[in-house]
Every structure is written in C-alpha cells, then in structure tokens.
Amino acid sequence: MASGQWQALAEQFQVICPSGGGPGAGDPSKQRGQASCGHCVSVAGLQGWVQALLDQGITSFRCPRCPDAPWLWQEVCKLGLFSDEIRAMLETQILAQEGTRASYRQCPRCQHLVQRLEPGPLRTPCLLCSQRARRLCCFCWGCRTDWPDASAHADLHCPLQAALHDAPTIQAPRSSLHSCPSLRACPRCHALLSHTLRGCPLVLCPECQCSFCYRCLELSRGHVSPCPIADRQLVCGGMQ
Ligand SMILES: [Zn+2]
Ligand SMILES: [Zn+2]
Ligand SMILES: [Zn+2]
Ligand SMILES: [Zn+2]
Ligand SMILES: [Zn+2]
C-alpha cells in the first residue's frame, strides 16, 4: 500500500488525535492512548483502522504520522484496548497471511501473538503477560516455552527450531515441493537444508550423506510416492 493511501486511511478513521485534551475527554467513545512515538491515538479510530488494514492483507503497522515509527502488534493491541476475543479474531487474520511466519510467534502463556521485526535474541517478551503479571514475562522464540530469567534456558536446538519455524512456505504451484517449508533439517544429523526446486523431492544431506525425501522426510531407501508433506519438524524439547 502506498504511503499516501496509508495516511488517507488513517485520516479517514481519525487514528491520530489532535494534541491537547479538548472537550470529550472522559467520554468512552473518545478514549485515547499514547503511542511509543509520542503521538496520541484514538482507541475507536485505531480499532477501525487496524481492521481495515488487515482486511487488505496488511500485517505490519506503523504510526501514520511518523514514517519510521513501527507499532508492533503487541503495542497496537495495547493502544486499541482489544479484548481477548477481538484480539484472537484479528490474529487469525494475521496468521492467514502468507509471509507472517517469520515475524509473529504465539506466546505459550496467553496464546496471543507477539511480533518482532527482525531475527534477534530468542528470549521474547510478551507485553500482555508482563502487564498482567506485573513483571517481565518472556518465552523462547524457538521452543515456545517460558523463559523466566536470562540465564535459565539451555536448549541448544532452539536457534534451529526458530529457523525452521520462520522459514516461509515454498510457493511453486507446478513443483512437487509446493507448500513444503523452505527449510528442512536432515532427519539424521539436523543440518539445515533447502531444496533447489529442481529434480525430484529426494535430497542428499551434504553433512552426513543421508538421503531423504524433502516432502515426507522419510529415508530414500524404500520411499513410496506420492507421499504426504510432513509438518515442520520439532527438533528441540518445546512446542512448535
Ligand atoms: Zn507517531
Ligand atoms: Zn503472553
Ligand atoms: Zn527454547
Ligand atoms: Zn545429515
Ligand atoms: Zn516423500
């Protein structure tokens, strides 16, 4: 969506409030909150705007007035005062969009989505859980288990799990690899590999020479096709 359209839509919903309290403060339909960029946001306006953007397939938000101020999903939800039900409904729309995998992960505690803009540390804070518990609540982006303090997590497979989770799905309708994840771990040694999309689904692991099927993850010896597409692999002790 072009920047102009983005702003026009925000104007239409009156997302940004004029500065100063003004008449109407205290009126529930005029509830407002302050975003991290400093702008004052109308709760009702934000709700309509977010729904309109999601309806157009947009799943990343930013301040309509500050071009470089991202509003992460958890902040949008806090500003919009979304109820659990509304939030869950909007999150279903987010997850239905191709390409949101790498930036959204479900908190194991509240089951709501947490967004991040780029791969970073695995320890991921959940704003909602932290607010409710009045302390910092984090979980692991890889294994999706609780991560209460910075030192207490030692599953060496979690970075690999995060990479497997974040990998987009292959979009190649004429290939037999269509809708497989674009990264697989070798079933024997867990080396990460992707398919060139040329040739058959069978691949050879460059690390351990294990030959397996990229679709069903069965070993090539005795492999029967057609085969189902196996789910994303679970390589650490947590949940997918
Ligand atoms: Zn702003
Ligand atoms: Zn949470
Ligand atoms: Zn982990
Ligand atoms: Zn291998
Ligand atoms: Zn197979």
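## Residue classes and the model

Ala, Val, Leu, Ile, Met, Phe, Trp, Tyr, Cys and Pro count as nonpolar here, and Asp, Glu, Lys and Arg as charged. The model is predicted.

## The cavity

The count of cavities of 30 Å³ or more comes to 1. The largest cavity has a volume of about 30 Å³.

Its lining consists of C107, P108, R109, C126, C129, C137, C138, F139 and D146. Sorted by class, the lining of the largest cavity has 7 nonpolar and 2 charged residues, with no polar ones.

## Helices α1 and α2

Helix α1 covers residues 3-12 and helix α2 covers residues 43-55. Their axes come within 9 Å and cross at roughly 145 degrees. The crossing in which α1 passes α2 is right-handed.

On the α1 side, W6, L9 and A10 take part, and they meet W49, A52 and L53 in α2. The contact of α1 with α2 has 6 nonpolar residues, no polar and no charged ones.

## Helices α3 and α4

Helix α3 (residues 73-80) packs with helix α4 (residues 84-95) at an angle of about 150 degrees, and the axes are 12 Å apart. Angles over 145 degrees count as roughly antiparallel, so α3 is roughly antiparallel to α4. As it passes α4, α3 makes a right-handed crossing.

From α3, the residues in the contact are W73, Q74 and C77; from α4, they are R87, L90, E91 and I94. By class, this contact of α3 with α4 has 4 nonpolar, 1 polar and 2 charged residues.

Key. Residues numbered from 1 in each chain as written. Chains lettered and ligands numbered in written order. Predicted model: local features only at pLDDT ≥ 70, side-chain atom pairs only at ≥ 80, totals over all residues. Heavy atoms only, no water. Axes fitted to C-alpha atoms, helices over the stretch in contact; angles between N-to-C directions. Helix = DSSP H or I, 4+ residues; strand = E, 2+ residues; numbered from the N terminus. Parallel < 35°, antiparallel > 145°, perpendicular 65-115°, else oblique. Left-handed = near helix turned anticlockwise from the far one by under 90°. Contact = heavy atoms within 4.5 Å. 1 Å grid on protein atoms, 1.4 Å probe; cavity = no way out; pocket = protein on both sides within 12 Å on 5 of 7 lines; lining within 4 Å. Points joined across faces, edges and corners; volume = space filled by probe spheres on them.
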